[in-house]
Amino acid sequence: MSKVQDSKRYEHTLSVAYTASNLAACYGENIEYALIAGMLHDCAKCLPEEKLLSICEKQHMRISGEEYKKPSLLHAKAGSYLAEKKYNITNRDILNAIHNHTTGRPGMSLLEKIIFVADYMEPGRRQAPRLEQIRRTAFVDLDKAVLMILEDTLKYLQDSGSVIEKTTQETYQYYKGHAEP
Ligand code: DGI
Ligand code: FE
Ligand code: FE
């Protein structure tokens, strides 16, 4: 990854991999899968937007209006494609964890939730509100941590007037109905 990412992104990548491996140990997920998914989750993050669009168009992936407005959202889908074709990952769960790491999806697998949460709370993250609380919650109630992250992400996106991907909204509604109160 250090060859395709700038140094800040590479540091984030290592932190996500380590955080994901700890969550995997906590919840009985395969630690190696968590490390691999963490290492690869942002493998397309440093590609230019035109490249992300061309990869997704070439593969006939569905691109939403929001993704056309904000092509950087496609780094997750394009990353999943590269993980399969360039880095030879065949495990569907790992590929899905990469594919869904930015918006989440309703009914995520354990590995998908681990990557989604690790990406948000890795120790290098400093900006988000409630980080300390989310970090503690993640090791006690993973679904609750997913919900808190979606709440804060949606609030941040609304406040900053960003386009909101339908999947992010749907994932929030799903975990609002599923996380323990
Ligand atoms: O790639 P990273 O920066 O490590 O993390 P990420 O893949 O979760 O991307 C983070 C950004 O994605 C963060 O600023 C929130 C944003 N995001 C998540 N869902 C949506 C979104 N941005 C928009 N515009 N719309 C969404 O639905
Ligand atoms: Fe990302
Ligand atoms: Fe990331």
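**Note on the pockets and the ligand site**

1. In the second largest pocket, α10 makes the greatest contribution to the lining, with three residues; helices here are DSSP runs of H or I with at least four residues, numbered from the N terminus. A pocket is an open set of points on a 1 Å grid over the protein atoms alone, where a 1.4 Å probe fits and protein lies on both sides within 12 Å along at least five of seven lines, and its lining residues have an atom within 4 Å of a point.

2. As to the basis of these values, this is a predicted model in which local features need pLDDT of at least 70 and side-chain atom pairs count only at pLDDT 80 or more, while totals for chains, interfaces and linings use all residues. Residues are numbered from 1 along each chain as its sequence is written, chains are lettered from A and ligands numbered from 1 in the order in which they are written, and side-chain values use heavy atoms, with hydrogens and water left out.

3. The second largest pocket holds about 310 Å³ of space, a volume being the space filled by probe spheres set on the grid points. Its lining comprises 15 residues, of which R62, E67, K77, E165 and T167 lie nearest the centre, and at least two lining residues come from each of α5 (75-85) and α10 (166-178).

4. The largest pocket contains about 1,300 Å³ of space and is lined by 37 residues, with K45, Y120, R125, T153 and Y156 nearest its centre. Two or more lining residues come from each of α1, α7 (110-121) and α9, and the largest share, eight residues, belongs to α9.

5. Ligand 1 takes up the space of the largest pocket, where sitting in a pocket requires more than half of a molecule's atoms to lie within 2 Å of its grid points. The elements that give two or more residues to the shell around ligand 1 are α1 (7-27) and α9 (142-159).

6. Of the 18 residues around ligand 1, K45, T102, V163, E165 and T168 come nearest, a residue being counted if one of its heavy atoms lies within 4 Å.
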